[in-house]
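Dear colleague,

Please find the structure below, handed over for your review.

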Amino acid sequence: MAGRAETLIAGAVRLVVSAVFVYAGIGKALDPAGFATAVSHYRLVPEVIAAVVAAYLPWLEVVCGLGLWWRRTRLGAANLLLLLSLLFAAVIASALVRHLDIACGCFGSTSAGRSLLGFDLARSLVLALAAAYLLRVELSSPDWGAPAP
Amino acid sequence: MPPSSSPEAGRGGRSVFFCALRQSGALLVLALVAALLAAALRPARAVEESAPPEVTWAQVGRWTGRVLFVDARDEAAYRRRHIPGALSMDESHWETELPEFIQAWHPGARVVVYCDSEACDASDAVARRLRRELGIEEVYVLKGGWASWLAAQKP
């Protein structure tokens, strides 16, 4: 019973994490110039590097978000999504510490208002926790030598 | 690479670590391929968007000719006080405020966009949109923003 409940919970968490990253990635992939601008506003990397990040990162989010659904990539996907979430949280935290009044750029460039960076930081940390949970679930599976329930 | 029920799968942390590494590596490469394909298929723009140039208040003071100021802060800040003659162009009200800008601007006029200070990005975003959507090349961002103008007003 407990095993079935955890399977359902893990499935729900996987669905949410996958949906968030795929949606965020597609939004940014559709407007790489806008995302590059958002990255440059954090004033952490030169504009050239911001452009490279903007061209690559969205696709990494999409691929990892989808990779959560295939047994052969699930472990790597959860691992990378955890690292990405922690990276995003660190970058947003650095903007907060430096009192930057900027848009997160987390879901692509938007002119329809901007959320508070504090909210974006909290969201990144929640996603990191969710990815860590998925990683733990994966490592607990019999596929990796854990005893079958 | 794939997980299996063979004895090798149960070897312990080391094999799991390397498997995670291989899977992560494969995903990183797959994302790179997707990014390169997307870049190759994206239509080439005639002019690549670059950062709008910054100008200081002192430089603006030495300009001759008409200068149109654009206030990119939120409406409340604009109503409290703004550079005399400045138009409000908050990104969230872009569609309603754009016609007023178009009416006020004429070819040859330089546009200077400002927000609160050097730590905000609203002026950069508005300046980029003006350049991109209206094709106006002479759009600048006021370095230091509203804070720099306030400082310049002090005796």
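**Findings: helix packing between the chains**

In this predicted model, helix α4 of chain A (residues 74-97) packs against helix α1 of chain B (residues 13-41) at an angle of about 75 degrees, and their axes lie 7 Å apart. An angle of 65 to 115 degrees counts as roughly perpendicular, and α4(A) and α1(B) are therefore roughly perpendicular to each other. On the α4(A) side, the contact is made by R74(A), L75(A), G76(A), A77(A), N79(A) and L80(A), while α1(B) contributes V16(B), A20(B), Q23(B), S24(B), L27(B) and L28(B). Of the residues in this contact, seven are nonpolar, four polar and one charged.

Helix α1 of chain B also holds V29(B). Together with V33(B), L37(B) and L41(B), V29(B) forms a nonpolar patch on the surface, with about 400 Å² of accessible area in total.

As regards charged pairs, the whole structure contains 12 salt bridges over all chains. In one salt bridge, the side chains of R128(B) and E47(A) meet at 3.5 Å, N to O. This pair crosses between chains, joining helix α5 of chain B (residues 122-134), where R128(B) lies, to helix α3 of chain A (residues 47-67), where E47(A) lies.

Yours sincerely

Note on methods: Residues numbered from 1 in each chain as written. Chains lettered and ligands numbered in written order. Predicted model: local features only at pLDDT ≥ 70, side-chain atom pairs only at ≥ 80, totals over all residues. Heavy atoms only, no water. Axes fitted to C-alpha atoms, helices over the stretch in contact; angles between N-to-C directions. Helix = DSSP H or I, 4+ residues; strand = E, 2+ residues; numbered from the N terminus. Parallel < 35°, antiparallel > 145°, perpendicular 65-115°, else oblique. Contact = heavy atoms within 4.5 Å. Nonpolar A, V, L, I, M, F, W, Y, C, P; charged D, E, K, R; others polar. Patch = residues over 30% accessible without salt bridge, like charges linked within 9 Å, V, L, I, M, F, W, Y side chains within 5 Å. Areas by Shrake-Rupley, 256 points an atom, 1.4 Å probe, with all protein chains shown as cover. Salt bridge = Lys/Arg side-chain N within 4 Å of Asp/Glu carboxyl O.
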